[in-house]
Amino acid sequence: MNILHKIFSKKLAGVFPLAIFFLLVSCEEDQSKAGGKKKTNFPSQVFYNAKIIQRDSGRISMRFNAPLIEKYEYLDTPYVETRKGLYIEFVDQKNPKTPGKLWAKYAKMIEKKDFYLAKGDVKIINPEGQTFKMQSIYWDKKNKKMYTKDTVFITDKEGNILIGSHGMKAKDDFSQYSLYSSFGEANSETMPDMKK
């Protein structure tokens with residue numbers, strides 16, 4: 001029995017290193033095949049309950065709140081995404097006490113191209129108190145223009161309502177805008193007198 005134990009342990013000692021060698025070689029082959037295509041569509045940075053303040057020359061120019069921000073840096077066109085909503089206040093230095101505001105359920109920012117998208121119950125209030133509601137809006141920051149092809153509902157403090165059924169384009173501060181296929185209702189008490 002002692003002889004049988006010695007023979008068995010010698011054979012096992014010879015087979016064991018060989019098994020480890022094949023195991024390692026097979027793992028290396030799998031790793032080299034997997035290494036050919038690296039996955040890059042994952043967020044490189046994730047921020048929870050973000051509250052960001054942007055300053056320009058010491059003055060607050062923007063406040064940004066989002067429950068989740070994901071930054072995708074390892075793609076050909078990197079971008080930042082907020083999938084759980086956002087709230088932004090844009091502070092205009094001409095009127096710093098009344099910031100413009102934006103709410104949306106989703107946003108995507110392609111900083112390389114200075115291009116932004118907000119969608120999902122988008123609501124914008126400009127410093128003059130006009131409220132713009134739509135499903136999506138695009139911002140071309142380089143050209144300082146915003147636009148959408150969605151129906152836009154605009155209300156003001158006096159109760160006037162304008163509707164752009166085929167979208168709008170606007171300056172990025174909403175001081176000027178054009179509606180496509182527009183109609184609306186106006187409060188006659190707040191309209192100026194038309195004298196001949």
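Q: How many residues has the largest nonpolar core, and which have the most contacts inside it?
A: The largest nonpolar core has 27 residues, and F64, L86, I124, F132, I137 and F174 are those with the most contacts inside it. A nonpolar core here is a set of buried Ala, Val, Leu, Ile, Met, Phe, Trp, Tyr and Cys residues joined through side-chain atoms within 4.5 Å, where buried means under 20% relative accessible area, exposed over 50% and partly exposed in between (1.4 Å probe, protein chains only). Please keep in mind that this is a predicted model, in which local features need pLDDT of at least 70 and side-chain atom pairs count only at pLDDT 80 or more, while totals for chains, interfaces and linings use all residues. Residues are numbered from 1 along each chain as its sequence is written, and side-chain values use heavy atoms, with hydrogens and water left out.

Q: OK, and which elements supply at least two residues of this core?
A: At least two residues of this core come from each of β2, β4, β5, β6, β7, β8, β10 (152-155) and β12 (168-171). Those labels refer to strands, and both helices (H or I, at least four residues) and strands (E, at least two) are DSSP runs, numbered from the N terminus.

Q: Why would residues like that group together?
A: In soluble globular proteins, nonpolar side chains tend to be buried together.

Q: Let's pick F132, then. What does F132 touch?
A: If we do not count residues up to four places away in sequence, F132 touches V122, K123, I124, N126, V152, F153, I154, M168, F174 and Y177. Contact means heavy atoms within 4.5 Å.

Q: I154 is on that list, so where is the place of I154, and is I154 buried or exposed?
A: I154 has its place in strand β10, and I154 counts as buried because its relative accessible area is 3%. Although I154 and F132 are 22 residues apart along the chain, their C-alpha atoms are separated by 4.6 Å.

Q: What else is I154 in contact with?
A: Leaving aside neighbours within four places in sequence, I154 is in contact with Q130, T131, F132, N160, I161, L162, Y177 and L179.

Q: And T155, where does T155 lie, and how does T155 count in relative accessibility?
A: T155 also lies in strand β10, but T155 counts as partly exposed because its relative accessibility is 30%. Its contacts, again not counting residues up to four places away in sequence, are G129, Q130, T131, N160 and I161.

Q: New topic: what about Y116, is Y116 buried or exposed?
A: Y116 is found in strand β7, and with a relative accessible area of 15% Y116 is buried. Apart from its neighbours within four places in sequence, Y116 is in contact with K108, M109, E111, I137, Y138, W139 and K141. One of those contacts, K141, is 25 residues apart from Y116 along the chain, and the C-alpha atoms of Y116 and K141 are separated by 7.6 Å.

Q: What is phi of N49 near, and where is N49 found?
A: Phi of N49 is near 50°, which is a positive value in a residue other than glycine. N49 is found in strand β1, and N49 is exposed because its relative accessible area is 61%.

Q: And D114, what is its phi near?
A: For D114, phi is near 50° as well, again a positive value in a residue other than glycine. D114 is found in the loop between β6 and β7, and at a relative accessible area of 27% D114 is partly exposed.

Q: Last one, stepping back: what does the secondary structure of the protein chain come to?
A: The secondary structure of the protein chain comes to 1 helix and 14 strands. Of the 196 residues in the protein chain, buried residues make up 29%. Among the contacts with a separation of 6 or more in the protein chain, 31% are between residues 24 or more positions apart.
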